[in-house]
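I set out to record how the ligand sites of this model are lined. The entries below follow the order in which I looked things up.

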Number of protein chains: 2
Amino acid sequence: PTSGAENTLRQRKIPTVPVVPERRFDPKAPKHIQEQPWTLKNFWRHFNWLHLTLLFSFPCIGIYGILTTPLHTKTLIFSFIYYVFSGLGITGGYHRLWAHRSYKAKQPLRWFFAAGGAAAFEGSIRWWARDHRAHHRYTDTDKDPYNVKKGFWYAHIGWMIILQNPRRIGRTDISDLNTDKFVVWNHRYFIYLATFMAFVVPSLVCGFLWGDFRGGYFYAGVCRLVFVHHATFCVNSLAHLIGSQPFDDTNSARNHYITALVTLGEGNHNYHHAFPNDYRNGLRWYEYDPTKIIIWLCSLVGLAYDLNTFPQNEIEKGRVQQEQKVLDRWRARLNWGTPLEVLPVMEFEEFLEQSKTRPLILINGVVHDVTGLQHPGGQGLLRSAFGKDATAAFNGGVYEHTNGAHNLLSTYRIAVVRGGMEVEVWKSGAGEKIPMKDTFG
Amino acid sequence: PTSGAENTLRQRKIPTVPVVPERRFDPKAPKHIQEQPWTLKNFWRHFNWLHLTLLFSFPCIGIYGILTTPLHTKTLIFSFIYYVFSGLGITGGYHRLWAHRSYKAKQPLRWFFAAGGAAAFEGSIRWWARDHRAHHRYTDTDKDPYNVKKGFWYAHIGWMIILQNPRRIGRTDISDLNTDKFVVWNHRYFIYLATFMAFVVPSLVCGFLWGDFRGGYFYAGVCRLVFVHHATFCVNSLAHLIGSQPFDDTNSARNHYITALVTLGEGNHNYHHAFPNDYRNGLRWYEYDPTKIIIWLCSLVGLAYDLNTFPQNEIEKGRVQQEQKVLDRWRARLNWGTPLEVLPVMEFEEFLEQSKTRPLILINGVVHDVTGLQHPGGQGLLRSAFGKDATAAFNGGVYEHTNGAHNLLSTYRIAVVRGGMEVEVWKSGAGEKIPMKDTFG
Ligand code: HEM
Ligand code: HEM
Ligand SMILES: [Fe+2]
Ligand SMILES: [Fe+2]
Ligand SMILES: [Fe+2]
Ligand SMILES: [Fe+2]
């Protein structure tokens, strides 16, 4: 309902605030299981039994396979290739293409990545991208599906094993995916696609090419899958826990070469969270990121296009601000001497008086007690300034002290002299004879 | 002459400014050779022939020796040991003990270092320390005896070969050395000491112990000396030319591990110039500085004491300030968007009008033209904000943008809206009905 106050000048209708019905606590409304406490009676309902079964049975089947099946060299090599293929499906396809739209891809490349992603058995493109967009939009909050604040194991695998409350996961816009026929088809037939790509294809390839059906199933199928799983899970766990934060430390994402190594380049995660629609995760050419290289190679032959890079200027602005933050924290930990506004005020006469019993030096209007100072310029010169205004001597008259000396000086402050910047000759009475008016013209 | 205006309150006599005789240009006053132009007739008088002869004949004699003398393994090993011994005499003794008083040493250690320094044939302690103190006090100026601004070769060796104008070298306080009997003795008999330690001792050692008088002279004597010379000369040349400046870049001194490697640790020269009376040059334990380790070991057995270290707090203050400088320069090179005070002012109606033909978004009172922006949150959301005040949406209403997004936003600024921070509802006329007085209570 819009307010009818038509305004010809601005030609716009302004909606009035609709009447929101007051929310009331309804004790009879059905509660999601995660809103209920864990009890002996309901604890089994807290789990996502499909995920639990899959994620535990794959490693078990894999171990059984390793113990009972000889490993052929050819199968080993194929397993590695298939590992990279399925890993790329997730990193280059699911993640950078569909979840982040960081570049555009021609149909054959989309098929290739979707096939790899299916072989990785990590859910449909739509399911994966929806959660991942929520992860970026609500990082480290309760709406983040793999919120690392709930610990390593939760972010790594717990979030799949424990049944999720759909109302808790942050909402994101996936209209682009819902209107993409290929993505919708992938979502509908995912379970068949995945079973076929993850287990059937590797068995058949190893079987028909060198007669190792069983090895193909166990090594290139199951074991390879377990590796791919935990490698990609590491992006949600490790990459939010270990490493540096050169671009932005307001979220938990971190850069670490080990995570990058394990995840085909996704470990430069601090950069990625700061600039999520950059097709690169490793910014500079030498930062390990094979996914970025594959996408770039595809762009050379026209399979990929419109590769998105964040402007260098913006990236550097992020780094400057982050380094400034780190520097400010460091600065705050150091002793910069009592601030001038906190120091007591001392009469010049008082300064002269106290100088007789302790080593006081007046520099820049501030009285310093240099007890214990080992002067690099010699104790003689230092002693010559006791009870005097050594401003000129300190600032170049005798020696133009370095920045380090000025810093050190500030830690010896004890008082501000009344009026400041007093010159001996002035205070001594000689100054009183100078006609004041002259100073003003 | 002091002014007699005795002031009982302050009990000090204040000297009046003495009458300084006016300086006149005296064309008959004898000029130092370096104040005269180089001519064919006087060019030979520009050189320091003693230094020139020594510094050129040592390498020549060395090469002659290498070509005519077989090298015994024992002599080689002894040459290396003697190299370290004479190098330490300069770094641990001449430099850190006498020139910088960075620690105190018992008599046997002073003898040891003086002997090594003599074997290095680099002048007496007094001569060396005087020039070195001037180097620190007037670094990079005309008063600096080895001013690197005159080029690599001048700082390396030229300053010794060309006769120096004593009036040009900066004055320093060496009263502590002039009153030190050992230093004065070293200065008086230096030429005999040096000849004995640099050439006689190595010949005799190699001669009496394994019959290699000739090898001892040429390898452990002359060749070793040439190496020590150029290694220490590198502190004045290389260490002021290559490397980083983490502590202070207001002078030319630099840290470089290669210079450190060549000079028994003196290559962390940026630190050394910032904190010259620290007995360490390589600050952290893993920074290569064998001289510091020797001094520290001597302190364990009581040969060295009162080891001076600059307070960690002051060192870090220097680093913070230096990093701040580097950061500020970096920041200044980046585009932070047109500053608000330079932007033109646009009426809100004008903003609405122009929005019909180009993609304008009003955020935080500033109009942005987002032509060409690839929005990571999707083009749909972006488009929904065209011609609107999207402040609330941008700042959390729809999505709380990261720091990087705020930075990017600033580069799209085109105008400030009259009054700023306008809210649609207000401008549309609905706002006009709100009684203004209510706002003030
Ligand atoms: C009152 C507190 C003072 C402090 C904390 C202080 C500190 C320092 C420090 C840290 C240095 C070595 C770093 C550098 O080269 O700048 C230095 C050197 C020097 N200071 Fe001071 N100073 C003080 C007072 C003075 C005064 C009053 C004089 C002269 C009257 C003086 C004369 C010199 C000279 C000549 C050097 C150079 C030594 C050399 O490199 O040969 N200082 N001072
Ligand atoms: C007008 C200039 C805008 C610029 C320069 C801009 C820039 C950005 C950037 C750089 C990001 C990715 C980095 C980040 O996570 O913060 C982003 C994400 C996002 N923006 Fe904007 N934005 C603009 C306007 C808007 C508007 C008006 C809306 C909403 C009405 C919006 C909604 C979003 C959302 C929802 C995301 C999160 C995308 C995701 O991670 O799924 N943006 N924006
Ligand atoms: Fe993440
Ligand atoms: Fe991502
Ligand atoms: Fe130097
Ligand atoms: Fe020095």
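I counted a residue as near a ligand if one of its heavy atoms lies within 4 Å of it. The model is predicted, so I noted its terms: local features need pLDDT of at least 70, side-chain atom pairs count only at pLDDT 80 or more, and totals for chains, interfaces and linings use all residues. Residues are numbered from 1 along each chain as its sequence is written, chains are lettered from A and ligands numbered from 1 in the order in which they are written, and side-chain values use heavy atoms, with hydrogens and water left out.

I then listed polar contacts, meaning pairs of N or O atoms within 3.5 Å. A polar side-chain atom of B:Tyr399 is 2.4 Å from an oxygen atom of ligand 2. For B:His375, I read 2.6 Å between a polar side-chain atom and a nitrogen atom of the ligand. B:Thr402 places a polar side-chain atom 2.9 Å from an oxygen atom of ligand 2.

Next I assigned the shell to helices (DSSP runs of H or I, at least four residues) and strands (runs of E, at least two), numbered from the N terminus.

For classes, I took Ala, Val, Leu, Ile, Met, Phe, Trp, Tyr, Cys and Pro as nonpolar, Asp, Glu, Lys and Arg as charged, and the others, Gly among them, as polar.

I found 23 residues around ligand 1, the closest being A:His375, A:Tyr399, A:His401, A:Thr402 and B:Arg137. This site is also shared between chains, because residues from chains A and B surround ligand 1.

I read 2.7 Å from a nitrogen atom of ligand 1 to an N or O atom in the side chain of A:His375. A:His401 has a polar side-chain atom 2.7 Å from a nitrogen atom of the ligand. A polar side-chain atom of A:Thr402 is 2.9 Å from an oxygen atom of ligand 1.

Which element gives the largest share of the shell around ligand 1? I found that α4(B) does, with 3 residues. By class, I recorded 16 nonpolar, 5 polar and 2 charged residues around ligand 1.

Technical notes
Polar contact = N/O pair within 3.5 Å; in protein donor to acceptor, adjacent residues only side chain to side chain.
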